[in-house]
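Visitor: Please take me through one part of this model in detail. I would like a single residue first, and then the setting it sits in.

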Amino acid sequence: MVELTRSAEVSRLVARAREGDRQAFGELYRLHQPAVYRLVRFHLPPAEAEDAVAETFLRAWRALPGYRDRGVPFAAWLYGIARHVVADERRRARRTEPMAQIPDRAVGRDGEEDRLDLAAAVARLPEDQRTVVELKFLAGLRNEEVGRVLRRSPGAVNALQWRALVTLRRLLGGGERP
(Lines give C-alpha, C1' and ligand atoms only; values in the text may rest on other atoms or scores of the structure.)
Protein backbone atom coordinates (compact mmCIF):
# COMPACT_ATOMS: atom_id res chain seq x y z
CA MET A 1 0.00 0.00 0.00
CA VAL A 2 2.86 2.39 0.80
CA GLU A 3 4.33 1.81 -2.69
CA LEU A 4 0.98 2.62 -4.34
CA THR A 5 0.70 5.80 -2.28
CA ARG A 6 4.25 6.81 -3.18
CA SER A 7 3.61 6.03 -6.85
CA ALA A 8 0.48 8.18 -6.82
CA GLU A 9 2.39 10.95 -5.02
CA VAL A 10 5.17 10.84 -7.64
CA SER A 11 2.60 10.95 -10.45
CA ARG A 12 0.99 14.05 -8.93
CA LEU A 13 4.37 15.71 -8.45
CA VAL A 14 5.36 14.92 -12.05
CA ALA A 15 2.10 16.41 -13.35
CA ARG A 16 2.64 19.59 -11.34
CA ALA A 17 6.31 19.81 -12.35
CA ARG A 18 5.37 19.40 -16.02
CA GLU A 19 3.28 22.54 -15.60
CA GLY A 20 6.35 24.42 -14.33
CA ASP A 21 5.90 23.96 -10.56
CA ARG A 22 9.47 24.23 -9.24
CA GLN A 23 8.47 23.12 -5.74
CA ALA A 24 7.03 19.89 -7.13
CA PHE A 25 10.24 19.29 -9.07
CA GLY A 26 12.22 20.02 -5.91
CA GLU A 27 10.24 17.32 -4.15
CA LEU A 28 10.95 14.90 -7.03
CA TYR A 29 14.62 15.77 -6.62
CA ARG A 30 14.46 15.07 -2.87
CA LEU A 31 12.77 11.71 -3.47
CA HIS A 32 15.06 10.53 -6.28
CA GLN A 33 18.45 12.17 -5.69
CA PRO A 34 19.86 9.40 -3.44
CA ALA A 35 19.15 6.65 -6.01
CA VAL A 36 20.44 8.75 -8.92
CA TYR A 37 23.58 9.53 -6.93
CA ARG A 38 24.16 5.80 -6.19
CA LEU A 39 23.83 4.99 -9.89
CA VAL A 40 26.15 7.80 -11.02
CA ARG A 41 28.66 7.23 -8.20
CA PHE A 42 28.96 3.61 -9.24
CA HIS A 43 30.45 4.79 -12.53
CA LEU A 44 32.21 8.04 -11.61
CA PRO A 45 34.47 9.39 -8.83
CA PRO A 46 32.77 11.47 -6.10
CA ALA A 47 33.65 14.93 -7.48
CA GLU A 48 32.36 14.05 -10.93
CA ALA A 49 29.33 12.22 -9.52
CA GLU A 50 28.00 15.35 -7.82
CA ASP A 51 28.21 17.29 -11.09
CA ALA A 52 26.64 14.41 -13.02
CA VAL A 53 23.69 14.25 -10.62
CA ALA A 54 23.14 17.99 -11.02
CA GLU A 55 23.33 17.63 -14.80
CA THR A 56 20.87 14.71 -14.69
CA PHE A 57 18.25 16.77 -12.88
CA LEU A 58 18.90 19.81 -15.06
CA ARG A 59 18.29 17.70 -18.17
CA ALA A 60 15.23 16.16 -16.53
CA TRP A 61 13.78 19.63 -15.79
CA ARG A 62 14.35 20.69 -19.40
CA ALA A 63 12.88 17.45 -20.81
CA LEU A 64 9.94 17.25 -18.41
CA PRO A 65 7.42 18.98 -20.71
CA GLY A 66 7.91 16.09 -23.16
CA TYR A 67 7.72 13.36 -20.50
CA ARG A 68 4.87 10.88 -20.96
CA ASP A 69 3.88 8.22 -18.44
CA ARG A 70 4.23 4.95 -20.34
CA GLY A 71 3.62 2.69 -17.37
CA VAL A 72 7.22 2.57 -16.15
CA PRO A 73 8.35 4.32 -12.97
CA PHE A 74 9.46 7.95 -13.22
CA ALA A 75 12.72 6.76 -11.58
CA ALA A 76 13.46 4.65 -14.66
CA TRP A 77 13.14 7.77 -16.85
CA LEU A 78 15.62 9.57 -14.58
CA TYR A 79 17.88 6.50 -14.68
CA GLY A 80 17.97 6.72 -18.48
CA ILE A 81 18.97 10.38 -18.32
CA ALA A 82 21.64 9.58 -15.72
CA ARG A 83 23.11 6.84 -17.93
CA HIS A 84 23.43 9.34 -20.78
CA VAL A 85 25.08 11.87 -18.48
CA VAL A 86 27.57 9.24 -17.29
CA ALA A 87 28.36 8.27 -20.88
CA ASP A 88 28.86 11.94 -21.80
CA GLU A 89 31.14 12.44 -18.78
CA ARG A 90 33.23 9.40 -19.68
CA ARG A 91 33.63 10.63 -23.26
CA ARG A 92 34.62 14.08 -22.01
CA ALA A 93 37.17 12.60 -19.61
CA ARG A 94 38.75 10.50 -22.38
CA ARG A 95 39.13 13.62 -24.52
CA THR A 96 40.64 15.76 -21.77
CA GLU A 97 42.93 13.40 -19.82
CA PRO A 98 46.08 12.14 -21.54
CA MET A 99 46.19 8.35 -21.20
CA ALA A 100 49.73 8.41 -19.76
CA GLN A 101 48.43 10.36 -16.75
CA ILE A 102 45.64 7.93 -15.85
CA PRO A 103 46.79 5.32 -13.33
CA ASP A 104 45.95 1.69 -14.07
CA ARG A 105 44.83 1.10 -10.48
CA ALA A 106 44.05 3.18 -7.46
CA VAL A 107 46.85 3.20 -4.92
CA GLY A 108 45.90 1.14 -1.88
CA ARG A 109 42.60 -0.61 -1.26
CA ASP A 110 40.44 2.13 0.20
CA GLY A 111 37.35 0.85 -1.56
CA GLU A 112 37.92 2.81 -4.75
CA GLU A 113 39.75 -0.12 -6.38
CA ASP A 114 36.93 -2.46 -5.38
CA ARG A 115 34.36 -0.07 -6.84
CA LEU A 116 36.34 0.14 -10.09
CA ASP A 117 36.63 -3.66 -10.27
CA LEU A 118 32.90 -4.07 -9.68
CA ALA A 119 32.01 -1.36 -12.22
CA ALA A 120 34.24 -3.04 -14.82
CA ALA A 121 32.62 -6.42 -14.12
CA VAL A 122 29.10 -4.97 -14.35
CA ALA A 123 30.05 -3.35 -17.67
CA ARG A 124 30.89 -6.81 -19.01
CA LEU A 125 27.41 -8.19 -18.26
CA PRO A 126 24.88 -8.57 -21.08
CA GLU A 127 22.74 -5.44 -21.41
CA ASP A 128 19.60 -6.91 -19.80
CA GLN A 129 21.54 -8.27 -16.80
CA ARG A 130 23.43 -4.98 -16.38
CA THR A 131 20.17 -3.05 -16.48
CA VAL A 132 18.65 -5.29 -13.80
CA VAL A 133 21.67 -4.85 -11.52
CA GLU A 134 21.72 -1.07 -11.97
CA LEU A 135 17.97 -0.58 -11.59
CA LYS A 136 17.63 -2.88 -8.57
CA PHE A 137 20.79 -2.19 -6.62
CA LEU A 138 21.61 1.37 -7.63
CA ALA A 139 18.28 2.96 -8.49
CA GLY A 140 16.41 0.92 -5.85
CA LEU A 141 13.55 -0.33 -8.01
CA ARG A 142 11.58 -3.50 -7.21
CA ASN A 143 11.30 -6.53 -9.54
CA GLU A 144 7.84 -5.40 -10.71
CA GLU A 145 9.15 -1.96 -11.64
CA VAL A 146 12.25 -3.35 -13.37
CA GLY A 147 9.97 -5.77 -15.20
CA ARG A 148 7.90 -2.88 -16.56
CA VAL A 149 11.06 -1.16 -17.80
CA LEU A 150 12.35 -4.32 -19.50
CA ARG A 151 8.89 -5.60 -20.47
CA ARG A 152 9.48 -8.82 -18.54
CA SER A 153 7.76 -10.60 -15.67
CA PRO A 154 9.05 -10.17 -12.12
CA GLY A 155 10.15 -13.84 -12.25
CA ALA A 156 12.18 -13.18 -15.39
CA VAL A 157 13.77 -10.19 -13.66
CA ASN A 158 14.65 -12.42 -10.71
CA ALA A 159 16.24 -14.97 -13.07
CA LEU A 160 18.25 -12.22 -14.81
CA GLN A 161 19.40 -10.94 -11.43
CA TRP A 162 20.49 -14.42 -10.35
CA ARG A 163 22.45 -14.98 -13.60
CA ALA A 164 24.04 -11.52 -13.27
CA LEU A 165 25.15 -12.20 -9.71
CA VAL A 166 26.61 -15.60 -10.67
CA THR A 167 28.50 -13.97 -13.55
CA LEU A 168 29.74 -11.13 -11.34
CA ARG A 169 30.96 -13.59 -8.74
CA ARG A 170 32.89 -15.46 -11.45
CA LEU A 171 34.31 -12.27 -12.98
CA LEU A 172 35.43 -11.05 -9.56
CA GLY A 173 37.10 -14.34 -8.74
CA GLY A 174 34.52 -15.75 -6.35
CA GLY A 175 33.62 -19.01 -8.09
CA GLU A 176 30.31 -20.25 -9.52
CA ARG A 177 28.07 -20.67 -6.43
CA PRO A 178 24.93 -18.46 -6.41
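Predicted model: local features only at pLDDT ≥ 70, side-chain atom pairs only at ≥ 80, totals over all residues.

Guide:

Asn-143 lies in helix H7, which covers residues 143-150. The side chain of Asn-143 makes a polar contact of 2.7 Å with the side chain of Lys-136. Leaving aside residues up to four places away in sequence, Asn-143 touches Lys-136, Pro-154, Val-157, Asn-158 and Gln-161.

Now the nonpolar core. The largest one has 44 residues, and Leu-28, Val-40 and Phe-74 have the most contacts inside it. At least two residues of this core come from each of these helices: H1 (2-18), H2 (22-43), H3 (46-63), H4 (74-96), H5 (112-123), H6 (127-138) and H8 (154-171). H4 gives the largest share, with 9 residues.

Not counting residues up to four places away in sequence, Val-40 touches Ala-49, Ala-52 and Val-53, along with Ala-82 and Val-86.

A word on confidence remains. The average pLDDT of the chain is 82, and 84% of the residues score at least 70. Over residues 96-109 the pLDDT stays under 50, and the model has 8 contacts beyond four places in sequence for this stretch.

How values were computed: Residues numbered from 1 in each chain as written. Heavy atoms only, no water. Core = buried A, V, L, I, M, F, W, Y, C linked by side-chain atoms within 4.5 Å. Buried < 20%, exposed > 50% of the residue type's maximum accessible area, 1.4 Å probe, protein only. Helix = DSSP H or I, 4+ residues; strand = E, 2+ residues; numbered from the N terminus. Contact = heavy atoms within 4.5 Å. pLDDT = per-residue confidence, 0-100. Polar contact = N/O pair within 3.5 Å; in protein donor to acceptor, adjacent residues only side chain to side chain.
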